[in-house]
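Here is a short note for someone opening this model for the first time. Please read the points with the structure in view.

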Amino acid sequence: QFQRGPAALRMRTGRSMMWTPASEYLDHEQCCVRVVYSTRAGVGKSLFVSHMAEKLPDIPNNEQGRGYFMEGGDKALTKITVPLHELSVDADSVLETLEPAFPHPEQALSRLIHLDISSSVRKGLEEFLFNLLVLGQITDSKGRVWRRRLTDMYVLECTWTEDQEIGRAV
């Protein structure tokens, strides 16, 4: 279910461009969702995600797409970090973080969405992950919708304490 989708072909100003999924370049198994976790802090989970993000400019459509769709070649929109550090997951705050990265429908960028999940999150995580990763969208109270794109890769970074069940929340 979480295997990469086929690369899509889009037309823009008479030029064709392949949409290459980020997972094709960033993940050895080409999965579009990767969970990075440990029971201790400071063992290199964020460093692992940073190394994955360093490969984003190598994706062909990110090189080409920056020239077609983005003014100034802003690299910040290819890696988005969403911190989930409150006691409960709130779709409104998540979409506030994601709002600058809302893509143009024809914007052929492959992105890395980094969900930094704190061990203090107690409520709403299961529902949020189900809506985002299985159903493919999240909606906030204002009616804004974030849809999962086939070209994006999601990395969930988690630190679980020993009293938490690792498989239960992820």
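1. A definition comes first. A salt bridge here is a side-chain nitrogen of Lys or Arg within 4 Å of a carboxyl oxygen of Asp or Glu. With that in hand, look at Glu96, Glu99, Asp140, Lys142 and Arg144: salt bridges link them in a network. Keep in mind that the model is predicted. Across the whole structure, a search finds seven salt bridges.

2. Glutamate 96 has 39% relative accessibility and counts as partly exposed.

3. Next, aspartate 152 and arginine 111. Their side chains meet in a salt bridge, at 2.7 Å from N to O. Aspartate 152 is in the loop between E7 and strand E8 (153–159), and arginine 111 is in the loop between H4 and strand E5 (112–117), so this pair joins parts 41 residues apart in sequence. Aspartate 152 is buried, with a relative accessible area of 2%. Arginine 111 is buried too, at 2% relative accessibility.

4. Arginine 34 also forms a salt bridge, with aspartate 27. The closest N and O atoms are 2.8 Å apart. Both residues are buried.

5. Nonpolar side chains tend to be buried together in soluble globular proteins. The largest core in this model has 25 residues; Leu84, Leu98, Leu115, Phe128, Trp146 and Leu156 touch the most other members. Strand E4 (79–84), H4, E5, helix H5 (125–135) and E8 each give two or more residues to this core. Which element gives the largest share? H5 does, with five residues. Another core, of eleven residues, lies apart from this one; its members include Ala22, Val36, Ile59 and Met153.

6. Last, check the backbone at glutamine 30. Most residues other than glycine have a negative phi. Glutamine 30 has a positive phi, near 60°. This residue is found in the loop between helix H1 (22–26) and strand E3 (33–38). Glutamine 30 is partly exposed, with a relative accessible area of 26%.

Notes
Residues are numbered from 1 along each chain as its sequence is written. This is a predicted model: local features need pLDDT of at least 70, side-chain atom pairs count only at pLDDT 80 or more; totals for chains, interfaces and linings use all residues. Side-chain values use heavy atoms; hydrogens and water are left out. Helices (H or I, at least four residues) and strands (E, at least two) are DSSP runs, numbered from the N terminus. Buried means under 20% relative accessible area, exposed over 50%, partly exposed in between (1.4 Å probe, protein chains only). A nonpolar core is a set of buried Ala, Val, Leu, Ile, Met, Phe, Trp, Tyr and Cys residues joined through side-chain atoms within 4.5 Å.
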